[in-house]
Amino acid sequence: MKISGKIVDVHQRRIYQGIVTISAGIIESIEECEAGPDLYIMPGLTDAHVHIESSMLVPSHFAVAAVRHGTVAVVADPHEIGNVLGRKGVEFMTDNAGSVPLKIMFGAPSCVPATDSESSGARIDADDIVELLKNDKIGFLAEMMNFPGVVHDDPEVIRKLEAARKAGVPVDGHAPGLAGDDLKKYINAGITTDHECTTLDEALEKIAGGMKILIREGSAAKNLEALAPLLESNPDDVMLCSDDLHPETLEKGHINRLVARLIGMGYDIFSVIRAASVNSAEHYGLKTGMLRKGDPADFIITEDPRKMNIMKTFIDGECLFDGEKTLFSPGEIVKVNRFNCSHLLPGDIKVPNSGNKIRVIVARNGELITGSETADAGDGKYVEPRPEDDLLKIVVKERYNDRPPAVAFIRGFGMKSGAMASSVAHDSHNIIAVGTNDRDILTAINMIADASGGMSVVSGAGAEILRLPVAGIMSDIPVTAMARRYERLSESVRSLGCRLDAPFMTLSFMALLVIPELKLSDRGLFDGLAFGHVPLFVE
């Protein structure tokens with residue numbers, strides 16, 4: 001097979017008219033010619049760090065969506081399903097991914113559970129890491145979020161790092177704001193990347209210490225504009241990633257959108273494409289082609305790199321997207337789950353009033369970080385939501401061992417009526433709900449318990465649910481249908497007065513204890529700065 005066009009050669013840093021000859025899935029030759037189509041041929045794109053589960057799609061459906069946007073490989077951390085099902089969940093991901101041609105390298109989750117201050121469905125210890133790293137589909141130790149454990153020589157953390165060293169695999173980092181001597185110790189432990197940088201100075205210090213920086217632009221955290229100058233100062237030390245990508249975002253684009261934005265901002269096309277392909281392949285040892293003779297024929301065709309509208313995607317010489325449709329199917333999906341959750345009753349979420357002020361979580365639009373403030377508890381026998389003051393009730397119901405819920409209060413959602421709930425709640429994925437009254441909150445939570453996972457909205461117009469039958473965090477439907485249902489559910493929440501751009505995404509992070517300031521786990525309010533539980537009432 002021969003394909004001609006403008007070859008974007010990121011190795012020689014030139015664009016020329018050429019013909020690519022492919023045989024048995026390998027590039028046999030690339031020859032210059034005088035004339036050809038006005039199309040660009042370039043290396044396929046790689047997402048250097050993504051939690052596939054955040055798309056609420058299983059890997060095979062994620063693959064169908066991703067190749068449409070020129071993605072040929074992803075480096076995936078199955079941390080979310082690990083918190084639900086442990087090694088069994090990770091193995092589900094690798095098995096399901098084996099049914100599609102997208103090149104997915106999984107990591108062994110290093111922090112399951114992320115903290116012992118909440119109830120997760122499973123644990124992955126150092127012995128599990130050793131076993132997981134024997135799987136040829138698992139090629140690195142996934143993000144080491146427990147950076148205090150590294151700095152303070154936690155024995156279990158050290159065992160996990162030693163397992164990665166013995167296996168000869170890279171170790172991903174997660175160290176927001178870490179600097180100075182603590183950063184040096186973290187890097188010296190063998191940790192090679194970070195995707196949590198929010199400022200240029202932070203990224204440059206980490207690069208100076210020997211780290212690679214992943215520029216992140218996903219549905220939740222967006223750091224592309226702040227870190228883009230690294231493409232000029234340190235082009236060989238950066239990669240592009242999405243981290244968390246919701247279905248409605250993935251349907252519209254993937255790493256191609258980042259590439260188009262960066263080129264449109266004036267950054268060098270060769271540095272941008274290297275960051276989206278070559279750099280990650282070299283760092284992780286991905287078996288992806290880089291548009292050279294003898295490489296696997298993994299490449300894409302686009303009309304204009306500044307727009308990155310994908311005309312065709314090739315993996316191992318096979319056209320998998322022809323500009324209109326994806327040319328492979330996701331195959332059969334074997335569902336896995338762990339859900340042990342009975343109905344809540346009205347008394348379960350009542351908060352007796354002690355007369356003191358209460359601590360209140362403050363949610364912020366588009367941010368993972370929350371605030372903390374106090375509010376009057378009111379004069380009634382029970383502390384009740386006050387929608388007129390944007391004081392809503394938030395509930396987390398542990399779903400693995402059916403323990404009683406934790407209840408607190410939150411501002412920032414702005415709902416005037418109704419309730420919403422979800423079993424997508426980082427990191428342990430217990431059921432989390434926010435609402436204006438107990439009746440609707442109970443209905444929203446109990447719908448999810450009945451479905452063994454999902455997202456729900458309850459309003460005066462009725463109740464809706466988007467079922468997530470795979471581990472309670474993923475669907476078994478394609479991205480287009482998933483995006484449409486997710487957007488419709490989000491609109492239902494906005495119709496209740498919610499002023500958040502992405503209400504379910506924001507809700508999912510209200511139980512993420514490792515991000516300050518005030519969050520709610522199934523065991524109660526958690527102060528992320530003091531890193532410990534605090535009472536609801538202020539004494």
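Which residues have the most contacts inside the largest nonpolar core?

1. They are Ile358 and Phe413, in a core of 182 residues. A nonpolar core here is a set of buried Ala, Val, Leu, Ile, Met, Phe, Trp, Tyr and Cys residues joined through side-chain atoms within 4.5 Å. Buried means under 20% relative accessible area, exposed over 50%, and partly exposed in between (1.4 Å probe, protein chains only). Helix H15 (residues 438–451) gives this core its largest share, 7 residues.

2. A quick word on the model: it is predicted, so local features need pLDDT of at least 70, side-chain atom pairs count only at pLDDT 80 or more, and totals for chains, interfaces and linings use all residues. Residues are numbered from 1 along each chain as its sequence is written, and side-chain values use heavy atoms, with hydrogens and water left out.

3. Look also for a second, separate core of 12 residues, which includes Ile22, Ile41, Ala297 and Ile301.

4. Now the charged pairs: the whole structure has 36 salt bridges (a side-chain nitrogen of Lys or Arg within 4 Å of a carboxyl oxygen of Asp or Glu). One of them joins Asp116 to Arg123, with the closest N and O atoms 3.2 Å apart. Asp116 is exposed at 52% relative accessibility, and Arg123 is exposed at 56%.

5. Another salt bridge pairs Glu398 with Arg403 (3.3 Å, N to O). Here Glu398 is buried at 0% relative accessibility, whereas Arg403 is partly exposed at 39%. Elsewhere, salt bridges with shared partners connect Lys350, Glu384, Lys393 and Asp438 in one network.

Terms used: Helix = DSSP H or I, 4+ residues; strand = E, 2+ residues; numbered from the N terminus.
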